[in-house]
Amino acid sequence: MRGNGEGEPSVTHHESRDHSRSCRWLLRKNMNFDLKGKVAVVTGAGRGLGRQTALHLAACGTTVVVVARHADQLSQTEQTIQQAGGTAWAIPADVSQPEAVEKLQKEVEHRYGLASILVNAAGIFGPIQLIKDSDAKRWVGTLSVNLFGPYLTCRAFVRGMIRNRWGRIINFTSAAALHPPGPLNSAYATSKVALNQFTRHLAAELEGSGVTANVLHPGDVKTEMWAAIRAEAERMGPEADAYRQWVRWVEQTGGDDPQKAADLVLRLMSDDAAATNGRFLWIEGPLQSPIPSWGEVSANQPWRQ
Ligand SMILES: NC(=O)c1ccc[n+]([C@@H]2O[C@H](COP(=O)([O-])OP(=O)(O)OC[C@H]3O[C@@H](n4cnc5c(N)ncnc54)[C@H](OP(=O)(O)O)[C@@H]3O)[C@@H](O)[C@H]2O)c1
């Protein structure tokens, strides 16, 4: 993780932890949980929450393909996993590019066979700008990474999961998708709202197939995304007050432990989570109180009676 000065994002200290601790805890809770031999693709695994998730999955015996654009950060994740005795393979790729995702799928299947776990943690915050003044390229680019990226990877890997009759897809969304709309973050919030609805559609298509798709809010975590928001908000005027308040609150509380999001991903691997599909999930004990999302699927539309 880059940046270790005061106030810099600090997930490095979590990385020295025993990542297999979470597997042992789940086994003690009698969760039917066997990931050995399974292949997971984790996007955004070069740093932050994606890296944490990759380290946890690898510690539980999963072969993990780690994906992001910066090869240097990815190879750090790969090395950390290998040094701990796990199996990892770094494939640098931009998930917003259809050809890159197609190539990724072919490479994974050629080397390891069908993937049965897909975690889409890759994401960008995008412009902190009013819509009228916004940089159109950055706005559209935010949707490309946060929405089209997961669409492309889900499309690429879900077929193999359906064939195997077992699969888990976890898309990292944000509580921002549930907050009342405010100024400045329309690209990010819109991308995550759309990601939620996309995941619900996917879940509806997957019902009964043995494959599930869910979104999770990973908590409010001091990652590089947090640092980038801080840097941009600090340069702005009073219109960015809400952002500076959020940044400060995360700083003061220390933020949520990124391990909690990784633990939630692991819990979704268990047979006990086989019926959890199309849901908005929260980490255990989040600093930010859970916000109502959508309920259980109901059959109350008149045409379903
Ligand atoms: N941190 C929080 O408080 C928070 C809260 C709510 C939701 N989330 C969500 O959690 C996820 C992870 O966030 P984070 O805080 O860990 O962010 P981060 O530290 O900035 O890490 C983001 C990761 O995504 C990768 N990435 C970005 N664009 C990509 C692309 N086009 N193709 C492939 N990989 C790409 C980055 O690597 P490269 O730049 O090398 O590609 C990096 O590995 C995001 O989806 C975010 O929206 C975070």
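**Close-up views of a predicted model**

**View 1. Arg-165, in the loop between α6 and β5 (167-172).** Although Arg-165 is not a glycine, its phi is positive, at about 60°. The model is predicted, so that local features need pLDDT of at least 70 and side-chain atom pairs count only at pLDDT 80 or more, whereas totals for chains, interfaces and linings use all residues. Residues are numbered from 1 along each chain as its sequence is written.

**View 2. Leu-184, in the loop between β5 and α7.** Leu-184 counts as buried, with 21 C-beta neighbours inside 10 Å. Phi of Leu-184 is near 90°, which is a positive value in a residue other than glycine.

**View 3. Arg-159, in helix α6.** Arg-159 is partly exposed, with 14 other C-beta atoms within 10 Å.

**View 4. The contact of helix α6 (residues 136-164) with helix α7 (residues 186-206).** The axes of α6 and α7 come within 8 Å and cross at roughly 15°, and α6 is therefore roughly parallel to α7. Axes are lines fitted to C-alpha atoms, for helices over the stretch in contact, and angles run from 0 to 180 degrees between N-to-C directions; angles under 35 degrees count as roughly parallel, over 145 as roughly antiparallel, 65 to 115 as roughly perpendicular and the rest as oblique. The crossing of α6 and α7 is right-handed, the near helix being turned clockwise from the far one by less than a right angle. Residues in α6 including Trp-139, Leu-143, Leu-147 and Tyr-151 meet residues in α7 including Tyr-188, Leu-195, Phe-198 and Leu-202, where contact requires C-beta atoms, placed from the backbone, within 7 Å. The residues of this contact divide into twelve nonpolar, three polar and one charged; Ala, Val, Leu, Ile, Met, Phe, Trp, Tyr, Cys and Pro count as nonpolar, Asp, Glu, Lys and Arg as charged, and the others, Gly among them, as polar.

**View 5. The contact of α3 with helix α10 (residues 258-267).** The axes of α3 and α10 cross at roughly 50° and come within 9 Å, so the two helices are oblique to each other. α3 passes α10 in a right-handed crossing. Leu-49, Gln-52, Thr-53 and His-56 in α3 meet Pro-258, Gln-259, Ala-261, Ala-262, Val-265 and Leu-266 in α10. By class, this contact has six nonpolar, four polar and no charged residues.

**View 6. The residues around the ligand.** Of the 31 residues around the ligand, Gly-44, Gly-48, Arg-69, His-70 and Gly-123 come nearest, a residue being near if its C-beta atom, placed from the backbone, lies within 6 Å. The elements that give two or more residues to this shell are α3 (48-59), β2 (63-68), α6 and α8 (224-234); helices (H or I, at least four residues) and strands (E, at least two) are DSSP runs, numbered from the N terminus. The shell has 13 nonpolar, 13 polar and five charged residues.

Notes
Two residues are in contact if their C-beta atoms, placed from the backbone, lie within 7 Å. A residue is buried if 20 or more other C-beta atoms lie within 10 Å of its own, exposed if 12 or fewer, and partly exposed in between; C-beta atoms are placed from the backbone.
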